[in-house]
Amino acid sequence: MKKFLLTLAVGFPVFFLILAVGATQGSAADPKTLKIGVTAPLTGPSSTAGIPSVRITQLAAEWINAKGGVAIKGEKYKVELIVEDEKDTIDTAITAANKLVQLHKVNFMVGTISPPTAAAIASVTEPAHVVRSIWHGEGSPMEVNAKTPYTFRVPVVPRDFAPSLLNYQTKAYPNAKKVGILFIEGPATDFLLEKVKKAIEAAKLTVASADMYDVTTKDFYPVITKVLNSKPDALYCTALPHLMGGILKTARELGYTGPIFNLSPTSPGTVRGIAGKSNATDCILPAPDVDSAKMTPMIKDIRRMCIEKYKECNFDYLRQWDSFWWLIQAIEKAQSLDPTAVAKTWEKMDHFESSAGPGKMGGQQSYGINHIGVLPFAVTRLNKGEMEHIGWFVPDIP
Amino acid sequence: MWAQNILNGLTSGWLYILVAMGLTLVLSIVGIVQLAHGEVYMVGAYVVYFFCVVAGLNFFPALLISIVSVALLGVLLERFFLRPFRRDMEGAIITTTALILILQTGIVAVAGPGYKDIPSAAEGVLIIFGARLSWERLLTIIVGVVLVIALLLFIGKTKVGQAMVAVSEDRDAAALVGINVNKVSSVAMFLGCGLAAAAGGLTGPIFNLTPYMGGFALMKGIEVIILGGLGSIPGAIIGGLILGLLDGLITPLASVQMANIIGLVVIVLILLLRPQGLMGHE
Amino acid sequence: MNRKRLTKGLGLAALIIALCALPSFVTGVYLAHVLITIGINIVLAASLRFIATSGQLSLAHAGMMSVGAYTSALLAVKAGLSFWLAMPLGGLSAMVLAILVGIPFVRLRGIYFTMVTLFLSEFIRLIVQEWKRLTGGASGILDIPRPGAFVIPGLLNIDFSIKAHYYYLILFLALVSLLILYALEHSRIGTTLFSVQQSDSLAESLGVDTAGYRILAFGIGCFFAGIVGAFYGHYYTGINPDSFGYLGGIYVLMYMVVGGIRRFPGPIIGAVILTVVPELSSGLQEYEPFVFAAILLIIIFFLREGVVSLPERIRKVRKEASLRSESKV
């Protein structure tokens, strides 16, 4: 009798609790609200990039709302962000995506930094016809391709930084002929390696060596010792900010004086901090120094708003502004809240406003679908511990 | 070239040793599966960060404050969170996992999730036998060696130290001969957490800080202990050096991946052939 | 059959029927997802408890799930095998690995065995990550096919095109697994395992091959972890080495202990509670781990025997209170 009561006492209330949760969580949409879902790693190691990205998206949403919201067919819609934590693994990310799509019934989403996570979430959002503006990638076919007609990517990624950086190298470091490569071991690394090698050869340079390192690496002495054995004149890496700091610091401590390029967009301040000012020299990053006077007026504005609200601003905050803003621009151009209509409009648009200047869509040839953002990116060089804004480059994404 | 590789290996090795040393003290003397040891290491690094970067102190005073304060924190943790589970391994695992979550989330709440850096205590590089070593790494090795020697002296020459050895071998027998096991546990926790904080504070400037840096320290600590033997300090030294040298020698000759694999194979072989570790007692 | 067992049996039957009928009343794919996750965690926790009945604490369940998941996914994707064949093979490969690991290591006791299992989980993750040619390395395996349709013409068409079908599958797997584990525990094997846990030297003196029984328990427990891992892969359609980090194994332990390790329903209750709580507190976002940690500490300090011991505790407290009031009269 006790067992029976116990089973009932525990089993049914729990299930009714779950029912109650389900019933109360999904809210009916306010007719004048545009719900946009955000999936980001808020806990776990990737939250270093996830949290600033969510914050800048919130800032951008408030900015849009302050200007009156999104105007569609004469009606004004206030943007409402619904944020779900992807946590650490693919399955928690899929859960987050499921919640947004099935429970909150969003038709538009931004988010996701890690490429495998983006690919996994696609399995939820593509069949549900949810327009998604993803935050990062490496440039491989798994991220955005002809089979993901509802996925778009605005920020420029490693694959598309390479040709511009190589070009700059031939002008600023004309004697550097042999290039060493050091990439993070990851899902798209082989693909990226192939593309970058081609770009290096196209710039009339040679590949001295190619090595891969683990994203959990702390001590870079062994792997950099290996890379330097091939005596490269210049070094190209993909690295998260702290990894780039470690690589730069180690390379300089081991006596390497050649230029070091990061193909991943990383905040110059973070890299310099971790490498130490004395080591922060001849390091070129495809990211802006947000405090520089040479920033566009809009970036200066965003920086001001960000510091007001969050007491700090760096590139990690800035990067995802345009991911969100272009989604809004596409919705406004389509004058519709139907995701299919928005997707079809977006891929045909040839003019967008961005924080860095005007941009458009590209990628039909190189990605198989015209869903890749082509917009200016800043390049910063760390020189003797100081930050030098090299200029604004526009990638070539056919 | 060989000199550089060996030097790299020895340096890495010492960093692992510092972490493993603290862990082995806690595991064998306090007798608890302290899964949150990595987080203690992490907190140690962050305390140095606060006193050095935020409060503006010099590195060494900040390090000292960190070691002492984290060691004391450890004593409190042991008294209230760990001691009740001395004979209860499952309970210990649960409590320490809760501690992991609390410490990680706490640091995120206070310092934010981003990467932090601590400026080097010593700038510049020195050259030994044609190999390059930064002064701060050399400093870390020296401080590490000093701490280890101090620990060995403490264990060998003091009553409390000898009591610690007794407790690590057989807790009940030690109690029977009149050793105050609780006091000894507190001392061991103090030393173990102090060492972890030292390791965290010393590696802070060399690498960087994140609230999630603890997991790596724990895993490396466990690997060193498996290799060297639970409860053995010389074992921790040998285990750490072996792991460090594997990294330092194999990576440049083959690749990072190969070094990882060989490292795993070595540990598995030791487990199969001599499960109590190279210097452990069964 | 006495009244007690009859009511117990009816209660269970009612619960099972309610669970089967649930999808008809509860719609919402998010809810289905939570229920499926609960199902997975129940099997993991119950199978871990089975290993614990022999006195061993394993933290290898995450790694064992990984073995099951990758075996099944690779067989399905590369060899075109049907899920219904691949899944059991996934379970079997986990079991074989467990037995192979068990043979040299079951003689290690307590903390050392547990540390080795923790390391084993990490070892599996690293091997999977490094063996790129076989497992795809860090990118993992994507596009894992759905289980083949299960059709009874005219009556049932379960083709796994909707979440509810996965719910039925995990419900079925969970019920069967629980049944097998329950039966094993209440059989001669179960009693022997318990004796090994209580005093293995005594058992040895009676001729029991304690090492053999430990290996058996470990193997069986890991078999179910492998089965659930296979289900996991085909449900999420994508896996990578980080899906099975060693922390997962620690979480399974938590389900078991928070629910209560001494009684069979314990892990089930623990799995339900600890799966639902993070979902409910997801509003707290980055501070959610505090809630989880708080629950762990409350249970471990105040209800050490687990939630399943709550009725007993209440009874005890009441009894003591009534005794005290009696003695005052």
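## A walk through chains A, B and C

Start by selecting A:Gln335: with a relative accessible area of 28%, this residue is partly exposed. You'll be looking at a predicted model throughout. A:Gln335 sits in the loop that links helix H12 (321–334) to helix H13 (339–346) of chain A. Check its backbone: phi is positive, about 50 degrees, although the residue is not a glycine. That's worth a look, since most residues other than glycine have a negative phi.

Next, jump to A:Lys73, in the loop between strand S2 (70–72) and strand S3 (75–85) of chain A. Here too you'll find a positive phi of about 50 degrees in a residue that is not a glycine. Is A:Lys73 buried or exposed? Its relative accessibility is 65%, so A:Lys73 counts as exposed; the cut-off for that is over 50%.

Now for something under cover. Select residues 115–125 of chain A, which make up helix H4. How many of its 11 residues are buried? The count is 10, so call this helix mostly covered. Among the buried ones are A:Pro115, A:Pro116, A:Ile121 and A:Val124. To see what they pack against, show strand S1 (33–40), helix H3 (90–103), strand S4 (108–111) and strand S5 (131–134) of chain A.

Zoom out to the whole of chain A. Its secondary structure comes to 13 helices and 15 strands. The C-alpha atoms fill a box of roughly 75 × 60 × 40 Å along the principal axes. For 398 residues, a compact globule would have a radius of gyration near 21 Å, and the 23 Å of chain A agrees with that. Buried residues account for 65% of the chain. Colour by charge and you'll have 43 positive and 38 negative side chains, with the centres of the two sets 1 Å apart. As for the surface, chain A exposes about 14,200 Å², 57% of it from carbon and sulfur atoms.

While you're in chain B, pick out strands S1 (125–128) and S2 (131–134), which pair in the antiparallel sense over four bridges. Which residue in S2(B) is the bridge partner of B:Ile128? That partner is B:Ala131. The two strands form a hairpin with two residues between them, and B:Phe129 in the turn has a positive phi of about 50 degrees.

Last stop: C:Tyr287, in the loop between helix H12 (265–280) and helix H13 (288–302) of chain C. At 36% relative accessibility, C:Tyr287 counts as partly exposed. Show its surroundings and you'll see C:Tyr287 touch B:Thr105 and B:Ala109. To finish, draw a distance from C:Tyr287 to C:Pro153: C-alpha to C-alpha, they are 50 Å apart in space and 134 residues apart in sequence.

Terms used: Residues are numbered from 1 along each chain as its sequence is written. Chains are lettered from A and ligands numbered from 1 in the order in which they are written. This is a predicted model: local features need pLDDT of at least 70, side-chain atom pairs count only at pLDDT 80 or more; totals for chains, interfaces and linings use all residues. Side-chain values use heavy atoms; hydrogens and water are left out. The radius of gyration is taken over C-alpha atoms; the globule rule is 2.2 Å times the number of residues to the power 0.38. Buried means under 20% relative accessible area, exposed over 50%, partly exposed in between (1.4 Å probe, protein chains only). Accessible areas come from the Shrake-Rupley method with a 1.4 Å probe; for residues, only the protein chains shown count as cover. Lys and Arg count as positive and Asp and Glu as negative; His and the chain ends are not counted. The place of a charge is taken as NZ of Lys, CZ of Arg, CG of Asp or CD of Glu. Two strands pair if DSSP finds at least two bridges between them. Contact means heavy atoms within 4.5 Å. Lists of a residue's contacts leave out its neighbours within four places in sequence.
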